[in-house]
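Student: I have a new structure to read. Please walk me through it.

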Amino acid sequence: MNEETTEDYLAAGRLAAEVLRNGAARISPGASLLEVVECTEAMVTDEGAALAFPLNISSNEDAAHDTASPGDERTFSKHDLVKIDLGIQVNGYIADTAMTVDLGKNDLLVEASRAALESAIAMIRPGITVGEVGAVVQQEIERRGYRPVANLTGHGLAQYNLHAPPSIPNIAVSGGAVIEEGMVIAIEPFATTGTGHVSERSRVEIFQQLVVKPVRMKSARQVMETSRRVHGLPFARRWIRSDKADIALRSLVRSNILRPFPVLHDVEGSLVSQHEHTVIVTSDGCIITTR
Ligand code: CO
C-alpha cells in the first residue's frame, strides 16, 4: 500500500472514530432517530468527507441495515439496545466502525461483542486464517452465555468497495482465507440473546446499484443520479430527491439494477450487540484506523 492510500485510510478512520462517539452521545430515551441520523451524517459532510454508506441505526433484535426513513417519527425508548454503524470514505478509502449504546441494563451482552472484537484484533497478523479469528470471536461471546451471529461477517475493504475479500466469520470455520500484509479489514462481531441467525424484514431503507443500465423513467434517473453521487456505494431512500422515489426503487430492484438491503433481525424479543473497527494489516500485527 502506498503512503497516500494509507494516509487516506487513516484520515477516514480518525474522523469516523470521532463522529461515531459524537453520534452515539446523542442517542437517549426520547431522542428522534431521524435527528440523530441526519445530525451524525452532517458531521461527516461538514468535515469535507463523504459517507461510505447511510448511517445504520438498528435497535434491539434488529442487527443491521436499519436507518431513518424520510420523515421517520421513531424515537429511542428506555431499555433500547442501539447499534450505530458508520462508514466514511476519503478518496474511496473506507473506515467502517460501530458500537452499541445500551439504554437498558445489558452490560454483559455489550461486553461480549466488545471483548470479541478486542481479542480478534489482538491476533490479526499475516499468516493466520479467518477461521482462527472466527473461533476466537465465537469463544469470547459463548463464554459469556450468548451466541455469535453466524450469518453476519466482517469484510475486507478496497477503494469504493465495502465488501472486498476476505470475509471474517463470527464463528469457527475450518481454514478459510489467509490474512496478508496490506489487507484492510473491518471486523464486526455480533452477540445475541436470540438464535444467532438473522433474517430479512420487509423494511428496506438502503439500496446499492448492481449494474449500469440506461433507464427512462425520470424518477429512476434521479435514483441513478443519487447512486452516481456516492460512487456506486450504498445509499438511503431518504437521500433521493424525487417524490416518486418508492415507485422507482421498486422497479429498479425488480429489473436487478439495484440490490435492496433489508433490515436484518434475530427473533422477536431478542437483543443483539455489535462492535466494529477497521484495521490495516502490517508485517507483525495491525493498525486500528478507527480507534
Ligand atoms: Co462493516
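Tutor: Start with one residue. Y93 is buried, with a relative accessible area of 14%. Buried means under 20% relative accessible area, exposed means over 50%, and partly exposed lies in between (1.4 Å probe, protein chains only). A word on the source: this is a predicted model, where local features need pLDDT of at least 70, side-chain atom pairs count only at pLDDT 80 or more, and totals for chains, interfaces and linings use all residues. Residues are numbered from 1 along each chain as its sequence is written, and side-chain values use heavy atoms, with hydrogens and water left out.

Student: Is Y9 buried or exposed?

Tutor: Y9 is buried, at a relative accessible area of 4%. Across the chain, buried residues make up 57% of the 291 residues.

Student: How many aromatic pairs are there?

Tutor: First, the rule. Rings of Phe, Tyr and Trp (its six-membered ring) pair if their centres lie within 6.5 Å; planes under 30 degrees apart are stacked, over 60 edge-to-face, and the rest tilted. The count here is 2 aromatic pairs. In one of them, the ring centres of Y9 and Y93 are 5.0 Å apart and the planes stand at 55 degrees, so this pair is tilted.

Student: Which parts does the pair of Y9 and Y93 tie together?

Tutor: Y9 lies in helix 1 (residues 3–25) and Y93 in strand 4 (residues 93–102), so the pair links parts 84 residues apart in sequence. Helices (H or I, at least four residues) and strands (E, at least two) are DSSP runs, numbered from the N terminus. The chain has 6 helices and 15 strands.

Student: How do I read a sheet?

Tutor: Strands of a sheet pair through backbone hydrogen bonds, either parallel or antiparallel. Two strands count as paired if DSSP finds at least two bridges between them. Here, 3 strands form an open sheet in the order 5-9-13, with antiparallel pairing.

Student: Why is one side of strand 5 and of strand 13 left without a neighbour in the sheet?

Tutor: Strand 5 (147–148) and strand 13 (272–274) stand at the edges, each with a single partner strand, so one side of each has no neighbour in the sheet. Strand 5 is joined to strand 9 (residues 190–192) by 2 bridges. R147 has T192 in strand 9 as its bridge partner.

Student: Which helix packs on the sheet?

Tutor: Helix 3 (residues 107–123) does, touching strand 9 and strand 13.

Technical notes: Contact means heavy atoms within 4.5 Å. Axes are lines fitted to C-alpha atoms, for helices over the stretch in contact, and angles run from 0 to 180 degrees between N-to-C directions.
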